[in-house]
Amino acid sequence: MGHEPAGAVIKVGKNIKKFQEGDRVFVHHHVSCYSCRYCIQGNYTMCDNYQKSNIEPCGLSEEFIVPKWNIERGGILKLPESISYDEAALIEPFACCIRGLNKISIKHGDNVAILGAGPTGIMHTLLAKTWGANNIVVSDINQFRLKFVEKYDVITVNSNQENLDSIIKENTGNIGTDITILATGSIKAFETSLKITRRGGKILLFGVPSVGSKFELDLNSMYSNEQIIIPSYGASEIETNQALSLISDKSIDLLPLVTHRFQIRESSDAFKCAHDAFDAMKVLIVTS
Ligand SMILES: [Zn+2]
């Protein structure tokens, strides 16, 4: 709970030299070991220690402890003056998006579809624009979220009311997208991604599917169309640092994503607000 926290250091453990009381920091809950076979091969979030490492009791807490193990491996980032706590609380999801786009090797001029216009869908949109994507189509079924993403000068599609497949074909010379990003765990969206991605194109499986989600694939079609499905789970300290620098040098402004703030005692209202998403993007829980 509360795995995207930012705050101030109130006490420093013995032999910790890099931090002092009062430092403003972002804390990454999961940290890789950076020395096992997974880590050496670059699969940092597959490291056995990644999910084992954590903060105590959790980030949704007025005070918490960061183990020395995490600190020694880059699990705390000092915040420059230019970055607010609100922005710092967005480092973790933003880092996950950066990792996904790095894995899928998005290039200048790529035609991109983003399925899901929630906070990470918007982050992918902003990153894809910064990376120089050509045509960006964003789809959702939530009208508030579609209206929200419109201001980023992308084509928006309500996939309950419009035919996403034909809009993509129209915008890509009847070819399909080079890259489709699934910023939703919906099985229906996955099915759509196979239809709208061009032969040889790439699909980023980013949104978390429910446990046990099943899908029947036509392996012959997969083989002859050479579509590439790339899952991306979590982020390492490489991407949290990239996220911090993109936010702090003002390359990407994430603050408009913060639509609601709740006090920690109102946490259950905050979760309801984020889950219902009537008029919510990123919902922050604060302690003051
Ligand atoms: Zn490792």
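## Contacts around Ile181

Two residues are taken to be in contact if their C-beta atoms, placed from the backbone, lie within 7 Å. In this predicted model, and leaving aside residues up to four places away in sequence, Ile181 touches Val112, Ile114, Leu115, His124, Leu204 and Phe206.

## The largest nonpolar core

Ile181 also belongs to the largest nonpolar core, which has 62 residues and in which Ile91, Phe94, Ile181 and Leu182 touch the most other members. The element that gives the most to this core is helix α5, spanning residues 91–104, with a contribution of eight residues. In soluble globular proteins, nonpolar side chains tend to be buried together.

## Overall fold

The protein chain has twelve helices and eleven strands. Its radius of gyration is 20 Å, close to the 19 Å that the globule rule gives for 288 residues, and the chain is therefore as compact as a globular protein of that length. Taken along the principal axes, the box filled by the C-alpha atoms of the chain is roughly 60 × 45 × 35 Å.

Of the 288 residues in the protein chain, 39% are buried. When contacts between residues at least 6 apart in sequence are considered, 62% of them join residues at least 24 apart.

## One face of helix α7

Helix α7, formed by residues 143–150, has Arg145, Phe148 and Val149 as its buried residues. Viewed down the axis of α7, these buried residues fall within an arc of 90 degrees, so they line one face of the helix. The elements that cover the buried residues of α7 include helix α6 (119–130) together with strands β5 (136–140) and β6 (155–158).

Terms used:
Residues are numbered from 1 along each chain as its sequence is written. This is a predicted model: local features need pLDDT of at least 70, side-chain atom pairs count only at pLDDT 80 or more; totals for chains, interfaces and linings use all residues. Helices (H or I, at least four residues) and strands (E, at least two) are DSSP runs, numbered from the N terminus. The radius of gyration is taken over C-alpha atoms; the globule rule is 2.2 Å times the number of residues to the power 0.38. A residue is buried if 20 or more other C-beta atoms lie within 10 Å of its own, exposed if 12 or fewer, and partly exposed in between; C-beta atoms are placed from the backbone. The arc is that of the directions from the helix axis to the C-beta atoms. A nonpolar core is a set of buried Ala, Val, Leu, Ile, Met, Phe, Trp, Tyr and Cys residues joined through C-beta atoms within 7 Å.
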